[in-house]
Amino acid sequence: MLISQTARMMIEARGLVRTFKTKRGPVQAVQGVDLTVADGEIVGFLGPNGAGKTTTMRMLATLIKPTSGTATVAGCDLAKDPVGVRRRIGYVAQSGSTLPEAIAGDEVVDHARLYGVDKKKAIADGQALFEQLDLPGLWRRQCKTLSGGQRRRLDIVMGLIHDPKLIFLDEPTTGLDPQARANLWEHIRRLRERGATIFLTTHYLDEADALCDRILVIDHGKIVGAGKPEELKQQVSGDAVRLSLADASQAPSVTKVVQELPGAVAVETDGDVVAFRIPKGGSVLPSLLRSIDAQGIELDGVEVHRPTLDDVFLTMTGRSLRDEDIPATDEKEAVA
Amino acid sequence: MMVFKETWIVFNRSMRLSLRNPMWSILMLSQPLMYLFLFGPLLKPITAQISQGATTNAYQVFIPGLIVQLGMFGAMFVGFGLIAEYRAGVIEADRVTPASRIALMAGRVLRDVVVLVAQTVLLLLAALPLGLRAPWGGVLLSLVIVALLGATFASLSYSVALITKSEDALAPLLNGIAMPLLLLSGILLPMQIGPTWLQRLSDISPLKHVVTGVRALFRGDITSSSSLWGLFWVILLTAVGLAVGARTFKKESA
């Protein structure tokens, strides 16, 4: 029973810690991460820059050694059999994977051959992946002549060329325009249909929301929350409801009605607007509107907002994901 | 052996890229060619004096120094190419494959050695009409020495490049090493004509012994102690260079 359960796990990590030596002393970039990813899942690692996402992913992909902790990745022990892990995973780094001057197809074939794929099969598989990932006719093109989105899809071809069971995508859509992002999401969803398990990092909430079956929220090197996007959003105290009144003087009476609603929190009045949070806002709305109507109060408008992952992040960490001035560990400097 | 096959794959990829953009290899050759044409003639009248009567052929003294210089400088700056590959994510992409870490370095070093030997042959051919005469055996053995020297400096350059990961750090570091090595190796002029203290100082540099060895080989003294010491030093340097390079490529931060 236990064995069959373990076999269905693609990633099982326990207590992963990574400390970097920097000029200012040791920095603990990852501080004891436990995580599991099941076969066939798309799991997103969500967190701001410098939260430890990339460091954790690089540990799981055998690129850096954990300071402590253990992990089984694609059925192989990370410490004892890193080569076995490498054979079974695909890794698409944030920085790309091809030289600007190189020919796209050549880079793919050489990469495949380092996995032991023979040349003929590498060419056939590579060209098939070019078709699947919307890169027709670009096989003989220099990498630098490709657009940002095409270059990113080429990186994904590089990561898929040996048909890995588990694919790591580090910030797959960073730097792409909205259309290219949506297009890439489509391709990532299709990877799962091939039977692959996908583990990705992102600092975009909409990306995590749109793609992932499950999300792990990481901040300051620790996992601070985990669950399905919907579950995480429900942890935020409900939907945001805004009632706009026709007459601001009636606001106190509306506030009173709202405060009597079971589960309503954060009730705020601002002029002719009464705002509050309540679980399942959509279902309490009809009765609320009836009781407001019964008092003869006229409404100008009603808005209900489902909580976003941004709200989730704010609730879990006390700060917004969009804060750009989060002190980030410079991982590149630290690695050196 | 997988490691040889993987080395071959990495070599092929690197070679293809070098051939696509041969400007760099040509530029690296222009420096010794300039020395050959603009500095070489100055040595002609004083050759007998500086070689202490061993030869009157200026190019027998000068060309060995030049090809050692090419072996050193031609390979010393390959680290810049590796930093470019690192920035493009190629090194990381290589390192997530199951390929041997040694093959990832060896394939690139092999490319550098092949380019270097081709450059050296071109340099020797250019020196022929100027009056270079040397025995075949000595020249072939010298080519082996240049190849080994190239492998040494290429590995060390890659190693430093992977550790610093920055062109800004690599350039002054390499120049800081290259200048004293060049001046103390007797590449331009034999050290015997200098004062004793400078000779003693240059004795510390293994490169000086390599240059002296290659000069003996060009005179045809293949079994002389100078050539044997030169060979000994270059083999030792190669062993150290490759070991350092392999260690850096294996290390997790590479």
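Which residues in α6(A) meet which residues in α7(A)? In this predicted model, A:Gly148, A:Gly149, A:Arg152 and A:Arg153 of α6(A) are in contact with A:Ala180, A:Asn183, A:Leu184 and A:His187 of α7(A), where a contact requires C-beta atoms, placed from the backbone, to lie within 7 Å. These residues divide into two nonpolar, four polar and two charged. Ala, Val, Leu, Ile, Met, Phe, Trp, Tyr, Cys and Pro count as nonpolar, Asp, Glu, Lys and Arg as charged, and the others, Gly among them, as polar.

Residues are numbered from 1 along each chain as its sequence is written, and chains are lettered from A and ligands numbered from 1 in the order in which they are written. Local features need pLDDT of at least 70 and side-chain atom pairs count only at pLDDT 80 or more, whereas totals for chains, interfaces and linings use all residues.

The axes of α6 (residues 148–160) and α7 (residues 178–193) of chain A come within 10 Å and cross at roughly 20°. Axes are lines fitted to C-alpha atoms, for helices over the stretch in contact, with angles from 0 to 180 degrees between N-to-C directions. The two helices α6(A) and α7(A) are therefore roughly parallel; angles under 35 degrees count as roughly parallel, over 145 as roughly antiparallel, 65 to 115 as roughly perpendicular and the rest as oblique. The crossing of α6(A) and α7(A) is right-handed, a term used if the near helix is turned clockwise from the far one by less than a right angle.

Two residues of chain A other than glycine have positive phi values. A:Ala74, with phi near 50°, lies in the loop between β4 (68–73) and β5 (76–77) of chain A. This residue, A:Ala74, counts as buried because it has 20 C-beta neighbours inside 10 Å. For A:Asp134, phi is near 65°, and the residue is in the loop between α5 (119–132) and α6 of chain A. A:Asp134 has 14 such neighbours and so counts as partly exposed. The cut-offs are 20 or more other C-beta atoms within 10 Å for buried and 12 or fewer for exposed, with partly exposed in between.

Chain B contains twelve helices and zero strands, both being DSSP runs numbered from the N terminus (helices: H or I, at least four residues; strands: E, at least two). Its C-alpha trace spans about 60 × 35 × 35 Å along the principal axes. Of the 254 residues in chain B, 47% are buried. Contacts between residues 24 or more positions apart make up 79% of those with a separation of 6 or more in chain B.

Within chain B, the axes of α2 (residues 23–43) and α4 (residues 58–76) come within 10 Å and cross at roughly 155°, which means that α2(B) is roughly antiparallel to α4(B). This crossing of α2(B) and α4(B) is also right-handed. Residues of α2(B) that meet α4(B) include B:Met28, B:Tyr35 and B:Leu43, and among their partners in α4(B) are B:Tyr59, B:Phe62 and B:Phe73. The contact comprises twelve nonpolar, four polar and no charged residues.

Between the chains, the contact takes 23 residues from chain B and 27 residues from chain A. On the side of chain B, the elements giving two or more residues are α1 (2–20) and α6 (90–95), and α1(B) gives the most, with six residues. That side of chain B divides into nine nonpolar, four polar and ten charged residues.

Key:
Contact = placed C-beta atoms within 7 Å.
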